[in-house]
Amino acid sequence: LGMESAHFTLGFALLWRGSLHEAVERFQDGLVSARRRGDALIEVRCLVYQVVANRLLGNVERARELLSELAALDDLHGYVGLVQANRAWVAFRAHDLEAAAASAEIALAEWQTGERSGPTVFQWTARFPMLAVEVERGRVEAALEHARFMLEPSQQPLPAELGALVERAVMEGDEALLERALVAAAAIGYA
């Protein structure tokens with residue numbers, strides 16, 4: 001195992017512990033090492049999760065740059081869903097509802113195929129932008145479907161406060177609560 005794998009693994013752990021700036025540094029170190037050694041899989045992973053870290057930091061421009069680097073690669077090694085989900089977030093942040101919906105739909109379709117679809121536990125990455133698009137379009141029931149899915153045990157748990165808000169919105173079927181959840185989610189890079 002090379003240093004690129006160690007950097008990626010540490011970055012991944014730091015990412016989900018909320019040490020986002022440190023995670024970005026580790027992913028960047030892993031990326032440099034992976035490119036030097038020609039490890040395409042670790043290169044993709046470092047780029048993908050660096051996008052997620054920048055998303056959680058609210059850094060739309062850096063996420064866009066990293067997505068451009070990913071677009072230049074020949075093979076995403078099963079990470080098409082996560083890449084498209086983050087494209088949806090970038091598009092939504094640019095107020096491009098059509099592009100956000102299109103990218104989120106590609107991500108969700110990719111995860112449903114099950115073939116080389118990468119990790120499917122992070123569907124919040126596509127479903128929050130889709131939820132936001134559906135609320136903007138006045139399609140509350142469709143938005144609630146995305147919210148319900150994010151609460152499934154098969155999914156990465158949402159941060160406690162956000163999860164509680166989403167759960168309440170689902171239980172009450174309340175558009176105002178969905179909008180509050182979106183505001184909370186946007187503040188931490190989820191929406």
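Is Gly 78 buried or exposed? Gly 78 is buried, with a relative accessible area of 9%. The model is a predicted one, and every value quoted in this briefing is computed from it.

**Gly 78 and the loop between H4 and H5**

- Gly 78 belongs to the loop that runs between H4 and H5.
- Along the chain, Gly 78 and Trp 111 are 33 residues apart, and their C-alpha atoms are separated by 9.7 Å.
- His 77 is placed in the loop between helix H4 (60-71) and helix H5 (80-93).
- His 77 is partly exposed, at a relative accessible area of 26%, whereas Gly 78 is buried.

**Positive phi angles**

- Most residues other than glycine have a negative phi.
- His 77 is not a glycine, yet its phi is positive, at about 50°.
- His 95 likewise has a positive phi, of about 65°, although it is not a glycine.
- The loop between H5 and helix H6 (97-113) holds His 95, and this residue counts as exposed at 71% relative accessibility.
- A glycine with positive phi, near 75°, is Gly 138, which follows H7.

**Aromatic contacts**

- Across the whole structure, a search finds eleven aromatic pairs.
- One of these joins Phe 8 and Tyr 49 in a tilted arrangement, with 5.9 Å from centre to centre and 50° between the planes.
- Phe 8 is in helix H1 (residues 3-17) and Tyr 49 is in helix H3 (residues 40-56), so this pair ties together parts that are 41 residues apart in sequence.
- Both partners are buried: Phe 8 has a relative accessible area of 10%, and Tyr 49 has one of 2%.
- In the pair of Phe 128 and Tyr 190, the ring centres are 6.1 Å apart and the planes stand at 90°, so the geometry is edge-to-face.
- That pair links distant parts of the chain, 62 residues apart, with Phe 128 in helix H7 (residues 124-136) and Tyr 190 in the segment after helix H10 (175-187).
- Phe 128 and Tyr 190 are both buried.
- One aromatic cluster is formed by Phe 8, Phe 12, Trp 16, Phe 27, Tyr 49, Tyr 79 and Phe 122, so the tilted pair of Phe 8 and Tyr 49 falls within this cluster, as its membership under the 6.5 Å limit on centre distance would require.
- Arg 127 is positioned over the face of Phe 149, at 3.8 Å from the ring centre.

**Helix H7**

- H7 comprises 13 residues and reaches 18 Å from its first C-alpha to its last, close to the 18 Å expected at 1.5 Å a residue.
- Because twelve of its 13 residues are buried, H7 is largely enclosed by the rest of the structure.
- The buried residues of H7 include Trp 124, Arg 127, Phe 128, Pro 129 and Glu 134.
- Two of the contacts described above involve this helix: Phe 128 pairs with Tyr 190, and Arg 127, buried in H7, lies over Phe 149.

**Largest pocket**

- The volume of the largest pocket is about 150 Å³.
- Its lining consists of Leu 15, Trp 16, Gly 18, Leu 20, Leu 56, Gln 156, Ala 187, Ile 188 and Tyr 190.
- By class, this lining has seven nonpolar residues, two polar residues and no charged residues.

- Ser 5 is located in helix H1 and is buried, with a relative accessible area of 12%.
- From C-alpha to C-alpha, Ser 5 and Glu 179 are 40 Å apart in space, and they are 174 residues apart in sequence.
- Leu 10 is also found in helix H1, but this residue is partly exposed, with a relative accessible area of 44%.
- Leu 10 and Phe 27 are 17 residues apart in sequence, with 8.3 Å between their C-alpha atoms.

Definitions and conventions:
Residues are numbered from 1 along each chain as its sequence is written. This is a predicted model: local features need pLDDT of at least 70, side-chain atom pairs count only at pLDDT 80 or more; totals for chains, interfaces and linings use all residues. Side-chain values use heavy atoms; hydrogens and water are left out. Rings of Phe, Tyr and Trp (its six-membered ring) pair if their centres lie within 6.5 Å; planes under 30 degrees apart count as stacked, over 60 as edge-to-face and the rest as tilted. Helices (H or I, at least four residues) and strands (E, at least two) are DSSP runs, numbered from the N terminus. Buried means under 20% relative accessible area, exposed over 50%, partly exposed in between (1.4 Å probe, protein chains only). A charge sits over a ring if NZ of Lys or CZ of Arg is within 6 Å of the ring centre and within 35 degrees of the ring normal. On a 1 Å grid over the protein atoms alone, a cavity is a set of points where a 1.4 Å probe fits but cannot get out, and a pocket is an open set with protein on both sides within 12 Å along at least five of seven lines; lining residues have an atom within 4 Å of a point. Grid points are joined across faces, edges and corners, and a volume is the space filled by probe spheres set on the points. Ala, Val, Leu, Ile, Met, Phe, Trp, Tyr, Cys and Pro count as nonpolar, Asp, Glu, Lys and Arg as charged, and the others, Gly among them, as polar. The expected span of a helix is 1.5 Å times one less than its number of residues.
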